[in-house]
Structure formats: structure tokens, C-alpha cells
Amino acid sequence: MLSEWFQARGWKPFKFQREVWKAIAAGESGLLHATTGAGKTYAVWLGALLAFAVPPKAAKPKKSVTPDSPERASKRKTAPPLTVLWITPMRALAADTLRALQQPLEALAPDWSAGARSGDTASAERAAQNARLPTVLVTTPESLSVLLSRADASEVLGSVKMVVVDEWHELLGNKRGVQVQLALARLKRWNPALIVWGMSATLGNLDEAMRTLLGSGAAQGTMVQGEVPKKLVIDSLLPGRAERFPWGGHLGLTMLPQVIEEIASSKTTLVFTNTRSQSEIWYQAMLEAKPEWAGLIALHHGSLDRAVREWVEAGLKSGELRAVVCTSSLDLGVDFLPVERVLQIGSPKGVARLLQRAGRSGHAPGRPSRITLVPTHSIEMVEGAAARDAIAAGHIEARSTPEQPLDVLVQHLVTVALGGGFMPDDLYDEVRSTAAYAQLSRESWDWCLAFVRQGGPSLAAYPDYQRAVPDAEGVWRVPDARLARRHRMNIGTIVSDASMTVQFVGGAKLGSVEESFAARMKPGDCFLFGGRMLELVRIHEMTAWVRRASGKRPAVPRWNGGRMPLSTTLADAVVQQLALAGEGKYDSPELQCVRPLLEIQQQWSALPTPQTLLAEVLKTREGSHLFLYPFAGRHVHLGLANLIAWRVAQQAPRTFSIAVNDYGFELLSATDVDWPALLPQVLAPVDEATLLHEVLESLNAGELAQRRFREIARVSGLIFQGYPGEKRSNKQLQASSSLFWEVFRKYDPQNRLLLQAEQELLAQELEIGRLRVSLARLNTQQLVVQTLARPTPFAFPLMIERFREKLTNESVADRIARMVEQLEKAAGGAVPVGGVEGVRSTLAFGSERRPARVKGSGIGNDSGGESADGQGARKRPRRERKPSRPLPPL
């Protein structure tokens with residue numbers, strides 16, 4: 001029957017699909033790694049049907065039934081119990097995956113039922129599933145944890161024979177992946193023969209990824225790599241002229257005419273941006289440039305209302321939309337067959353992300369995938385050539401699981417206590433079978449038990465924190481029904497800033513913006529959202545009521561979490577390209593285009609190479625500048641800049657200004673610094689303990705760790721985020737977390753959640769592991785110190801960052817244009833620039849006061865992305881915006 005099903009569609013099974021079917025039939029678990037659109041879903045799904053479904057010849061003939069017919073209800077009752085769990089990282093993927101899984105059921109497993117369960121599942125469907133789960137259930141990590149919290153969890157989930165984790169690379173490196181690991185360990189307790197398969201298209205550390213998925217105590221799994229010939233085209237949309245002195249986002253919307261031309265030449269195009277703000281700006285600009293495209297182009301990002309997103313996805317599937325401007329909300333495996341082209345605005349920041357987005361086009365075996373990079377910065381053109389070479393060499397970023405996040409474990413303990421209860425020793429062994437908690441000590445385990453039992457020593461007097469206690473038989477359970485409801489409502493590890501609903505007065509919901517953005521607005525202010533220009537009418541009960549507006553200059557909402565650092569893999573590939581340019585090898589179109597910039601950089605200073613570390617020293621009226629180019633990503637550069645400044649300041653009190661981007665950083669001191677003599681000293685390697693101490697001393701780590709603690713407090717259940725429909729402001733949540741922070745620091749200083757906050761700050765925000773590796777690498781490189789007469793093309797974008805904070809009646813664009821004109825004259829032999837006035841954020845060191853956290857434009861604005869408004873340095877449009885064309889009615 002399987003061969004007939006393939007023949008009916010004109011398909012032929014690939015070798016890797018047969019390998020997966022054979023492994024599943026033998027009861028083996030494993031990881032399938034294959035290119036996007038190669039047929040991974042059917043490789044695993046058909047293997048499950050072959051292994052567990054009743055042969056079609058033994059099944060009763062399938063009747064045509066309507067959704068409400070008695071036959072359908074009867075089928076639900078007679079269908080086999082839950083057999084396959086299919087875990088997807090995104091709710092948007094659940095419905096699409098379910099449709100794909102349903103296609104072969106009629107022919108291969110007519111008695112099976114299928115369903116999806118996520119935050120988008122209707123209440124009626126959820127109620128039906130509570131009575132009886134389908135044979136195959138597509139769900140998310142959060143919804144699976146909710147199922148584990150059912151009192152009859154062992155009964156309803158004990159029948160599961162196979163779990164499939166789709167897009168494993170998306171979950172592997174974060175707490176949601178840890179949540180999946182804990183859930184799999186629980187399912188294996190009920191069925192030791194459980195088969196587990198992961199699927200991915202973009203992983204660099206395959207063996208580690210499979211070990212993490214299967215658990216530390218599992219037998220060696222089966223690795224299957226689907227080598228299906230697939231043409232991948234990666235090119236760049238190059239500007240007519242590359243600026244020799246660029247700054248972050250300087251190209252911006254100047255590339256719009258070329259982008260529109262590319263969209264017009266294809267049937268359907270996805271235009272990816274790295275931030276939601278950027279997507280809003282580009283969508284509006286495209287509508288203004290091509291008003292006749294209203295209704296043919298659309299916008300898609302995670303803050304838009306679900307109805308809007310579903311309308312866009314349906315339009316993509318049907319081929320009715322010419323283009324969609326989107327963010328990572330469309331990164332993953334939704335099958336949009338009509339998409340022919342993908343455009344990436346700005347740097348993709350990583351090789352894996354580039355591959356993932358490229359795979360959205362040509363999403364079928366044998367169809368070519370094409371992605372075109374649209375630079376917003378001249379140096380990003382080098383990234384295009386670098387990414388292409390990295391992919392050709394098979395260099396993809398690795399991902400590793402977080403180690404022992406106790407907030408996730410605390411949440412899981414309460415979940416399991418609800419799901420039938422647990423015995424501590426048995427659960428300890430179960431938890432340690434996961435990769436994330438393989439090294440969990442007894443002390444940490446006992447602390448977690450005490451924390452869920454009474455909140456630790458500082459919260460023992462409060463009943464709300466007595467969430468799980470042992471009964472007379474020693475089984476730990478949740479004793480309070482109210483606490484049980486609260487826990488189920490707040491299961492999950494996704495934490496975001498409080499958002500405010502955006503809704504038309506008397507009309508439909510549009511989506512949500514961050515509360516911090518809406519709080520700065522007053523009635524009558526206008527902003528751009530969902531491709532519409534809106535006027536704020538009032539804010540009431542965490543809802544921003546709006547109406548359509550026109551003829552006013554709008555603000556663009558800002559959302560946190562959109563900034564991504566350049567990956568190590570892509571950064572290393574960029575340095576390789578610069579080394580080729582240094583040898584005079586400008587073989588790619590991208591390097592040819594950016595050649596004038598690189599030649600000036602080489603004439604005035606030098607080009608970085610894998611063997612050299614470039615440092616540039618410049619003296620101006622402002623003081624002594626140091627420009628250092630480790631090419632380690634913005635997060636590492638932030639920590640490294642603070643560390644170097646702190647080490648220099650140990651010799652004498654100094655004040656430094658700091659600017660960072662993905663390629664390097666700048667330190668500016670008002671007093672002279674002998675950088676050539678000091679650099680070898682301050683870059684010297686130290687032991688791990690000393691490095692941690694110095695990094696924490698060089699930052700206001702307490703404030704940064706407190707911000708990280710807010711997320712930990714929510715995940716661990718210290719903060720109740722509210723019942724569905726209940727509106728809690730960000731100020732309320734922050735106040736609650738701050739109270740816990742102060743109580744723990746005063747009365748429970750060894751609280752392990754405080755320690756976790758510091759560890760996550762170092763590991764995630766400052767990337768201390770990458771910082772340590774970067775320092776070690778810097779000490780293997782030859783230090784090349786160049787004394788400058790004027791800013792180089794690499795130094796210029798770092799200097800420009802100060803202008804975004806300067807209060808002046810002169811436009812930023814005019815000031816930058818004046819500087820560029822002076823530098824261009826210098827490049828032609830004119831008098832060098834003596835310095836540029838500006839205001840920078842400062843970092844002061846010395847005995848007179850403690851270090852302050854660095855603020856300002858330099859940190860958080862990287863040269864590889866859009867500027868503050870996505871239109872180069874210009875803060876507002878020079879002309880009035882036309883009213884945007886509305887989307888179809890909601």
C-alpha cells in the first residue's frame with residue numbers, strides 16, 4: 001500500500017527515507033538531518049505508520065463522514081489511543097503539520113485519528129481531547145507539559161509509542177528544549193521502549209544534538225543524513241555604488257527600488273527582516289512605492305493578531321500574495337510551495353539562519369532554493385560572500401543545551417506532582433537521565449525540593465509557595481486546587497515583556513505592542529503597526545484603543561529581543577574573505593563591489609586576517625581612541641570592551657566611552673592612553689575564576705542579573721502572570737520580581753535562583769564562554785597596532801554611533817554627510833580630519849565612584865543591521881507619509 005500511495009503521487013522514496021523506516025521498524029531512535037523540503041516529515045511519519053498502524057487490508061472500509069456525523073464520533077471512540085506525539089516549536093506549524101500528517105491516513109491507517117493541541121486550539125476541540133486524545137497529536141512543548149500535569153497523565157500518555165521532535169535545532173539551545181528533555185524522560189518512565197526521533201535541517205553538531213535528544217542513559221541512536229541533490233542559490237542585491245565610509249543601516253531603504261524590481265520578477269517572494277520594527281518600515285515603504293500592490297503584499301510577525309497571521313499564511317499557500325514582509329515568524333517548516341524567492345534584508349547573522357530562510361523557497365524535492373541578501377551596510381556585502389563559502393564548506397553553527405536551569409526544573413517538579421505525584425529518589429534518577437541535568441548534584445536537587453515545598457527559608461511562612469508536599473505515603477503532590485490552577489495557567493518557559501493589545505475603537509484586534517512603547521505615547525500620537533498608520537485614542541486596562549490616521553509622521557513600535565549577534569561561524573568566514581581581499585583576490589561580485597572600501601582600509605591601516613588582530617589608535621580633540629576588531633559578535637565585544645577598560649583603569653582613574661558592533665569596538669578616553677604599550681598587558685589570558693571576577697567587576701552586574709532574574713522568577717512560578725484574560729502590567733511584574741530579588745539577597749543570599757541569574761547573564765547576555773575562547777584566540781594572533789591620521793572605513797561606523805544620542809538641531813544625516821565629505825577628500829589627498837565633536841555614553845572607573853552600566857547608542861546598535869528607524873541615519877521621513885492601504889477586513 002505504501003508503494004501504491006507513492007506511485008499515485010508520482011513520487012519515489014529516497015534512500016534516506018527507507019533508512020528511517022527500517023530503523024523505526026527495528027525500534028531504534030535517532031536523528032534525521034536533511035535539507036529543507038527534502039521529505040523529512042514523510043520519512044518519519046510513514047515509518048511510524050508502518051510500525052504501529054493496523055494494515056489497511058485488515059481495516060474496515062472508510063466511509064465519507066462530515067465533521068458532526070455519528071460516524072465521525074464513533075471513529076473517535078474506536079480509534080487507537082494516543083500512539084504518536086509530534087512536537088513542533090511553533091503554534092503556526094501545528095496546523096500545517098497536521099494537514100501533512102492527515103494525507104496518508106485514509107490509505108495507510110484509516111482507523112487512526114489526528115489532532116493538534118496548542119495555545120490556538122479552540123475550547124471545544126480541547127474539551128473533546130480531554131475526553132479522548134487522538135491517535136496522533138501535534139503539540140508544542142508547553143501544551144505537552146500541560147498534559148503531563150493531568151492527574152491521569154500516566155494513563156493518557158502511557159500509550160505513546162513514538163515521539164517526533166520537529167525542528168530540533170530550534171529547541172536544542174534554549175529552555176524550551178530542556179522542557180522537552182524532561183517530558184521525554186517522563187514518557188520513557190511509562191514506556192521504556194519509547195521511540196524518539198528528531199528532525200532538523202540546520203545543525204553543525206549532529207552527534208551532540210542526538211545525544212541531547214535521546215538522553216544521557218539512552219542507547220546509541222541512529223543518525224540518518226538525507227543527501228538529496230538540491231540546488232541552492234545565494235546571491236546579493238548590490239548597490240550601484242558602495243560607500244567607502246559606511247555606518248549601520250546607511251543603505252537602508254535606498255535599496256527599495258531594487259527590492260521592488262526583484263519582487264516584480266517573481267511569482268511569490270518572502271522578504272525577511274531581523275526585527276519586527278524593520279518589517280513594519282519596509283512593508284509601509286513598499287506600499288508607498290507601489291500602491292497598486294495593496295492586497296497583494298502583506299506583513300507577518302509575531303505581534304500581529306492570530307487572524308491576520310492566518311490570513312497571510314493562507315494567501316501564501318494559495319499563491320494569491322505577491323510578497324510577504326516577515327520576521328522569524330515564518331522561519332520554520334510551514335510549507336509555502338508557491339514561494340519562488342527569498343530576500344534577506346540586512347545580515348542574517350548566522351549560516352544556519354540563512355539556510356533555514358533559503359529553504360522557504362523551492363520547498364519540495366528537486367526544486368531549487370534561492371535567497372538574495374540585501375545589504376543595509378557596505379561591509380554586509382562581505383558577509384554575503386562569506387556565508388556562501390561557509391555553506392559550501394559545510395560550516396554550520398553548533399547548538400548546545402543549557403546546563404541545569406533550576407527554574408525549569410522547579411516548574412517541572414510541580415507539573416509532575418500534579419500529574420499523579422512523584423517519589424523524590426525515582427524522579428531524581430529520571431531527571432538525571434536528561435542531558436541538561438546529567439550532572440545535577442544531590443544538593444541542588446534537595447534545594448529544588450525544599451523550594452517547591454515551602455519556597456525556601458525566606459518564604460516558608462507563605463502558603464502560596466507550599467506548592468508540592470509529601471503525603472502520608474511519601475508521594476509528593478499539590479495539596480491546593482487553587483495553586484494547581486495557577487500552575488497550569490503559567491506552564492512554559494517563554495518569557496516576554498508585558499504587552500498591550502492594539503484594538504480599533506469598536507472594531508477588531510490588530511495585535512500587541514510592548515507596554516514600554518505604548519506608555520510613552522499620549523492620545524493623538526500616531527504610530528505604524530500592522531502596515532497601518534494608527535492614532536492612539538486612549539489606553540485602558542492594558543488595551544491601546546486606536547483609529548486610522550493619515551497625514552502625520554508615525555513612530556514605529558519597538559520590541560525587545562530582536563537583536564542578534566553575528567555568529568562565530570559567519571564571523572570567521574568574514575575574516576577569511578577580508579584576508580583574501582588583503583591578498584588582492586576580489587573574485588566574488590560582493591568583494592568587487594566593496595573593493596573601494598577595503599582598499600582604503602588597507603591603505604590607511606590594514607585588513608584583519610585569521611592570523612592577526614587589528615588595533616587602530618587615533619587621537620582627536622575628543623581624546624584617545626582605540627578601535628579593536630576581534631570579529632566575535634556584539635555580545636562578546638560588549639564584555640571585552642568593558643573588561644579592557646576596567647583593566648586599564650586599575651592603573652589610574654579614567655572615564656571611557658564605549659561603542660560596539662559585530663565587527664569590533666571603540667574605547668575613547670578624554671586623557672591620553674598609551675594603547676600600544678598597554679594592549680598586550682590587558683589582553684593577557686587569566687584563569688577562569690579571575691576572568692569571571694573581572695567581567696562582573698567591570699559591569700554593573702547586579703542590575704543586569706536582576707533583569708535576568710525577572711524571567712527566572714516567572715518560569716519558576718514565583719510570579720503569577722495571571723489567569724487568561726487578566727491584564728497585569730509590566731510594572732506589576734517587575735515590582736514583584738524586584739521584591740523577591742531583595743528578599744532573597746537579604747535573607748537567603750545562597751538562593752540558587754540568584755546564582756542562576758548571574759550564570760545566565762554571563763552565559764547568554766555576555767557569552768562568557770565565547771568571550772573566554774575569543775581571549776584565548778587573541779593571544780595566539782599577532783597584534784597589529786596602526787596609528788591613524790583619520791578614521792578608517794572600519795572605525796567610522798563605530799564613531800557614528802555617538803550621533804544617535806546627540807541633541808542638536810542639525811540632522812544626523814547632514815552631520816554624517818559632512819564627515820563623509822571630509823573623509824572622501826582625505827582619501828583623495830586632502831587634509832585629514834582632526835576630530836568630530838559628539839556626546840557619548842560614559843563608563844567611569846577609579847576611586848571616585850563605582851562603575852556604571854554602559855548606556856547609549858553604541859551598545860545594542862550593530863553595524864550589520866538597520867539604524868534606529870531602518871532608514872539610514874534619518875530619524876524621520878522627510879516627507880509626509882501617505883495613508884497606508886488596508887489589509888483585507890479582519
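Let's start at the side chain of Trp-168, which reaches the backbone oxygen of Ala-209 at 3.0 Å. Keep in mind, everyone, that we are looking at a predicted model.

So where does this tryptophan sit? Trp-168 belongs to helix H10, which covers residues 168-172. And is Trp-168 buried or exposed? With a relative accessible area of 0%, Trp-168 counts as buried, because the cut-off for that word is under 20%.

Leaving aside residues up to four places away in sequence, Trp-168 touches Leu-31, Gly-177, Val-180, Met-199, Ser-200, Leu-203, Ala-209, Thr-212 and Leu-213. You'll spot Ala-209 in that list again. Another residue to look for is Gly-198: it lies 30 residues from Trp-168 along the chain, and the two C-alpha atoms are separated by 5.9 Å.

Let's move on to a sheet. This one is open and has five strands, in the order S17-S16-S20-S19-S18, with mixed pairing. Which strands stand at the edges? They are S17, residues 509-514, and S18, residues 526-529. Each has a single partner strand, so one side of each is left without a neighbour in the sheet. On average, neighbouring strands here are turned by 40° against each other, ignoring direction.

As a bit of background, strands of a sheet pair through backbone hydrogen bonds, either parallel or antiparallel. For a parallel example, take S16, residues 499-504, and S20, residues 543-548, which pair over four bridges. If you'd like to find a bridge yourself, go to Thr-501: its bridge partner in S20 is Thr-543.

Terms used. Residues are numbered from 1 along each chain as its sequence is written. This is a predicted model: local features need pLDDT of at least 70, side-chain atom pairs count only at pLDDT 80 or more; totals for chains, interfaces and linings use all residues. Side-chain values use heavy atoms; hydrogens and water are left out. Two strands pair if DSSP finds at least two bridges between them. Helices (H or I, at least four residues) and strands (E, at least two) are DSSP runs, numbered from the N terminus. Axes are lines fitted to C-alpha atoms, for helices over the stretch in contact, and angles run from 0 to 180 degrees between N-to-C directions. Buried means under 20% relative accessible area, exposed over 50%, partly exposed in between (1.4 Å probe, protein chains only). Contact means heavy atoms within 4.5 Å. A polar contact is a pair of N or O atoms within 3.5 Å; within protein, one must be able to donate a hydrogen and the other to accept it, and residues adjacent in sequence count only if both atoms are side-chain atoms.
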